[in-house]
Amino acid sequence: IAEAKVSVLDRGFMFGDGVYEVLPAFGDRIFALDRHMARLERSLSALGIDNPLARAEWHDVLSRVLENYGATGKSVYIQVTRGVAARDHVLRSDVVPTVFVMCTEQRKSEPKPVVAITREDIRWQRCDIKVTSLLANVMLRQEAEDAGAFETILVRDGHLTEGAASNVFVVQDGTVKTPPYSEHLLPGVTRDIVVELLVQASIACEVSPITREELHAADEVWLTSSTRDILLVSKLDDRMIGSGGGGQMWSKASGLYLAYKHDQLSIEAQ
Ligand code: PLP
């Protein structure tokens, strides 16, 4: 990290003109690698940046980074920016994308369940692209931290979108629900896997709009992300959710998800 250098004219630095991915890894294995690479390609293509590496080259870079990083449980961070050019909103010359890849040690797991707050979703209209310009997300997440909470759950036009750094599920009367994809939320790798596993297990699961009122009246609320798996929320805006931490359905979903993840990563049951 100390030796890596990026030009001050990199458009990632100047404009936040870039995309990223965070991939959970264990030893030399990455969980849901193909899904993350597919989303990276989708983000690049949405910004009109040519993917600088072929899939095999990406695999090679990732293997080398994983190999060189000691810890067993880790996350791989990939960032691709449009590249270095004279500072101008308009791009007037060909640029070569900047690629940055690093490993970080897996974060300590949160004391579960967690506390969340809700806020208006003040972000832009293309939250479906995983861009590095995360200022609104950073501000919203900081609000949670300052309020002694873990995550900020966002509401736009009276409807739940997602968390500042997670997707959100609710459980109501035995049915698990999560909002449909639109330009207002990120297609989450964890969210997709959770939906697939619930459907496979014949657990009632609906992808449909969720109002602010439904969010507050839910029996359970969960947050999903690659680095946190599935977290149960016990308190939202200072009110206990459902029975306040039972999370029976969460327990099932979490069990299914962790079993699947550990199977894919060949981790022995702990
Ligand atoms: N939504 C946002 C805004 C995120 O930043 C993240 C991940 O950090 C997610 C959702 C969850 O996505 P994934 O499950 O692919 O990590």
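The model is predicted, with residues numbered from 1 along each chain as its sequence is written. Local features need pLDDT of at least 70 and side-chain atom pairs count only at pLDDT 80 or more, while totals for chains, interfaces and linings use all residues; side-chain values use heavy atoms, without hydrogens and water.

View 1. Helices (H or I, at least four residues) and strands (E, at least two) are DSSP runs numbered from the N terminus. The buried residues of H2 are Leu33, His36, Met37, Arg39, Leu40, Ser43, Leu44 and Leu47. They cover an arc of only 160° around the axis, and so lie on the same side of H2; the arc is that of the directions from the helix axis to the C-beta atoms. Buried means under 20% relative accessible area, exposed over 50%, and partly exposed in between (1.4 Å probe, protein chains only).

**View 2. Cover and end of H2.** The cover over the buried residues of H2 includes strands E1 (18-26), E2 (29-30) and E3 (73-81), together with helices H3 (55-68) and H5 (189-200). Gly48, with a positive phi near 70°, follows H2.

**View 3. Thr175 in strand E9 (residues 175-178).** Thr175 counts as buried because its relative accessibility is 18%. Apart from neighbours within four places in sequence, Thr175 is in contact (heavy atoms within 4.5 Å) with Val170, Ala204, Cys205 and Glu206.

**View 4. Phe13 in helix H1 (residues 11-15).** Phe13 is exposed, at a relative accessible area of 60%.
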